[in-house]
There are 2 protein chains.
Amino acid sequence: MYYIGIDLGGTQIKGGIVDEEGKIIKKDSIPTGRTRKSEEIVNDICLLIKKLLSDENLSENDIYSVGIGSPGSLDRERGIIIANFNLGFRYVAIREAIRKVIPVPIYVENDANCAAIAESVAGVAKGLDYAVLITIGTGIGGGIIINNKLYIGANGAAAELGHMVLKMNGEACTCGRKGCWEAYSSATALIRQTKAAVVKNPSSKILELVGGDLDKIDAKTAFDAARMGDETAIEVIDEYIDILAEGLANIVNIFQPDVIAIGGGVSKEGENLLTPLREKMKGRTFFIGDLKNTQIVAAQMGNDAGIVGAALISKRI
Amino acid sequence: MYYIGIDLGGTQIKGGIVDEEGKIIKKDSIPTGRTRKSEEIVNDICLLIKKLLSDENLSENDIYSVGIGSPGSLDRERGIIIANFNLGFRYVAIREAIRKVIPVPIYVENDANCAAIAESVAGVAKGLDYAVLITIGTGIGGGIIINNKLYIGANGAAAELGHMVLKMNGEACTCGRKGCWEAYSSATALIRQTKAAVVKNPSSKILELVGGDLDKIDAKTAFDAARMGDETAIEVIDEYIDILAEGLANIVNIFQPDVIAIGGGVSKEGENLLTPLREKMKGRTFFIGDLKNTQIVAAQMGNDAGIVGAALISKRI
């Protein structure tokens, strides 16, 4: 028996068949075509599920459940995507649609929460009761595991960790507040910070790396230039890590989890990111004597996190 | 059968006999004498317990358990106060001492957590699965109830909500960080803010209220002067509530609890505090469509919170 997970992204819809342990036995993807009608996109999800099954010679009787990971607001009880702003979805009854194709339990869950579930079932948080996953991407996504279960709060909308204000009255955030952690520590913010530094210091190697085209700067550019010893890039990265550390120290003081896992593209920098990050967090977390401290690590599930987490939602709710 | 709760404060040691529902049937207190040796203070706690029992004609057979609420770091498993900085306690084996007087289960818990337990068992969070208590006093204390249980994290030191940085590189905090919520929203901070405003605006009614003596300014003074229409005080209170709202909005975005209860002296201002606070929080909490929102209310258990929470620790762990 297996689980099917669907990761409903803005560019790709990824799907996979996953075993009990979180191992993907088959995966596939299709372009989202985000400007299309929701009916067409949902229909493609159904086709993807059918294809996955037929490719593996499996039937609905081999599947325990299907899970859909989507950004935005969800109605878990009714299996509805209330709002997915990337795709223009409003009140899409995805459970009802998928059940016509495969009559098993269908779960919907927030994509950042799915990533946390994946780490909890099969990644760096496996076997740990308390874990927080931070996904650094366009925004900062959060997923919280408490007592080995996903924490979603009283109304299902908890864990918006990126929308914790760190610098009151600071940078404008997409959520309407000013100074959110996301406005400083997302990949989007790092790109903005890198561009601003280059404008101030046009002799920086950063500009060379992108062939003089500011629009080619991505979240990796400053890390690459810093590795080449570029002073401007070193400063950008130092300040970026400083604010990231401040947010993480808040999370430690609030949750004192066993582990905080950092996912998303920036986490691929590995120890280039993590070593200075841990160093900067020292002295910022609340004094707890000789008690054990939260481990700060890179998430492990990478691009498969969405599929695995969506597939195994039922194991963490 | 009853429970005994001890609230180990810096000035008073309060104790009470509490019933199943969180009702105090007898309470008493003794001065802490904080400069004394820990043995003497612990001995006084034992005497207080004996007195409470004899005053009510009860014996150890009428008592389920004894709980001690203390600030600082605790070893719950071994029943030890690791560090209570107010009293200079370091590794005080309080369970062992009290068990000699009354051989029942003895619990130790952080005082802010006890206050949250009290609200959860008998106060504004009764019957609710998700609650956060914020105690505004010398610092900002936090207590978190999740699934009707106290949340203490992986190492027991979670819920240091006051040590969430809101204004990075801002006011120095006692914890060593800069810009903690506590450094702006504690009663101590409000007094500092009030004094600074008076120094800038000596014609303010605030100074009149304290007979020209800055040292007489307390956390109530600016609220009193604001009620009299004093412009300086109105500004102090407006800014104080603004930052308090920012921190609470963070807590909502992170936890989405059923309720946030605000305790401590400042909460006695009631709707003078809460109405503008709720107003300022609007638009700062993350968009959650038509889902139910966190209620912001005053804590209900007042000065008895410490006794009731300590007595009923076993109901929320």
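Predicted model: local features only at pLDDT ≥ 70, side-chain atom pairs only at ≥ 80, totals over all residues.
With the length of the helix settled, the next thing to ask is which residues of α5(B) are buried.

Chain A is divided into two domains, of which domain 1 is made of residues 2-118 together with 304-315, while domain 2 covers residues 127-299. The centres of these two domains of chain A, taken over C-alpha atoms, are separated by 28 Å. Where the domains meet, domain 1 of chain A contributes 10 residues to the contact and domain 2 of chain A contributes 14 residues. On the side of domain 1 of chain A that touches domain 2, β5 (73-75) and α3 (111-122) each supply at least two residues, and the largest share, six residues, comes from α3(A). Sorted by class, that side of domain 1 of chain A holds six nonpolar, two polar and two charged residues.

The last step leads from one chain to the pair. Two copies of a chain are related by a rotation about an axis and a shift along it. In this structure, a rotation of 180° with 0.0 Å of shift along its axis superposes chain A on chain B, with an RMSD of 0.0 Å, and the two copies are therefore related as by a two-fold rotation axis. The same surface serves both copies, for 98% of the contact residues of chain A recur in chain B.

How many residues does each chain bring to this contact? Chain A gives 42 residues and chain B gives 41 residues. On the side of chain A that touches chain B, β6 (80-84) and α8 (231-255) each supply at least two residues, and α8(A) provides the largest share, six residues. By class, the side of chain A that faces this contact with chain B has 23 nonpolar, 11 polar and eight charged residues.

How values were computed: Residues numbered from 1 in each chain as written. Chains lettered and ligands numbered in written order. Domains from an automatic or database assignment. Contact = placed C-beta atoms within 7 Å. Helix = DSSP H or I, 4+ residues; strand = E, 2+ residues; numbered from the N terminus. Nonpolar A, V, L, I, M, F, W, Y, C, P; charged D, E, K, R; others polar. Least-squares fit on C-alpha atoms with pLDDT ≥ 70 in both. Buried ≥ 20, exposed ≤ 12 C-beta atoms within 10 Å, placed from the backbone.
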